[in-house]
Amino acid sequence: MRLALDEAEDARDAGEVPVGAVVVRDGDLVARGANMMMAGGDPTAHAELLALHAALAALGVPRLEGCTLYVTLEPCAMCAGAIVLAKPDRVVFGAWDDKAGMAGSVGDILRHPRLNHRPEVTGGVLEEECGALLKAFFAERRG
């Protein structure tokens, strides 16, 4: 999660919402991603999607079996759907998102009983640090 926090700080430094993600397999870093929505003019350039795409490319596989996705914020509906399709074994996130989180806050796409893949989900890891980064970013934006 600390590596995901590093990515979130990079996103913040680039003027993006500070969310970071990394994919790990067998204890090795496979890929990283940081929000790039503003830089690319792409509202779908979320950290999770970028990390998933990079991991699939790096491993040369169609699914991320044996991998864990670490992300600093509870995934939204779009990211949760992509996670289900990419099939990592595990998702670990930091701060809960009571406005858009789809791993238990607003809904739970990741563990929906009718979907064919349900990763193990752990939320609240380094929650204070992940949440503080987001709170500080938005407080600064509001002035």
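Modeller: Aspartate 97 lies in the loop that runs between strand S4 (90–95) and strand S5 (120–122); helices (H or I, at least four residues) and strands (E, at least two) are DSSP runs, numbered from the N terminus. This is a predicted model, in which local features need pLDDT of at least 70 and side-chain atom pairs count only at pLDDT 80 or more, while totals for chains, interfaces and linings use all residues. Residues are numbered from 1 along each chain as its sequence is written, and side-chain values use heavy atoms, with hydrogens and water left out.

Aspartate 97 is buried yet has no salt bridge. Buried means under 20% relative accessible area, exposed over 50%, and partly exposed in between (1.4 Å probe, protein chains only). A salt bridge is a side-chain nitrogen of Lys or Arg within 4 Å of a carboxyl oxygen of Asp or Glu. The nearest side chain of opposite charge, that of lysine 99, is 7.1 Å away; Lys and Arg count as positive, Asp and Glu as negative, and His and the chain ends are not counted.

The side chain of aspartate 97 does, however, reach the backbone nitrogen of lysine 99 at 3.0 Å. A polar atom of that side chain also lies 3.1 Å from the backbone nitrogen of alanine 100. Leaving aside residues up to four places away in sequence, aspartate 97 touches Leu73, Glu74, Ser105 and Val106, contact being heavy atoms within 4.5 Å.

The aromatic rings come next. Rings of Phe, Tyr and Trp (its six-membered ring) pair if their centres lie within 6.5 Å; planes under 30 degrees apart count as stacked, over 60 as edge-to-face and the rest as tilted. By this rule the count comes to two aromatic pairs. The ring centres of phenylalanine 93 and tryptophan 96 are 4.8 Å apart and their planes stand at 85 degrees, so this pair is edge-to-face. Phenylalanine 93 counts as buried because its relative accessibility is 0%, whereas tryptophan 96, at 38%, is partly exposed. Phenylalanine 137 and phenylalanine 138 form an edge-to-face pair, with 5.1 Å from centre to centre and 80 degrees between the planes. Phenylalanine 137 is buried, with a relative accessible area of 7%, and phenylalanine 138 is partly exposed at 32%.

Methods. A polar contact is a pair of N or O atoms within 3.5 Å; within protein, one must be able to donate a hydrogen and the other to accept it, and residues adjacent in sequence count only if both atoms are side-chain atoms.
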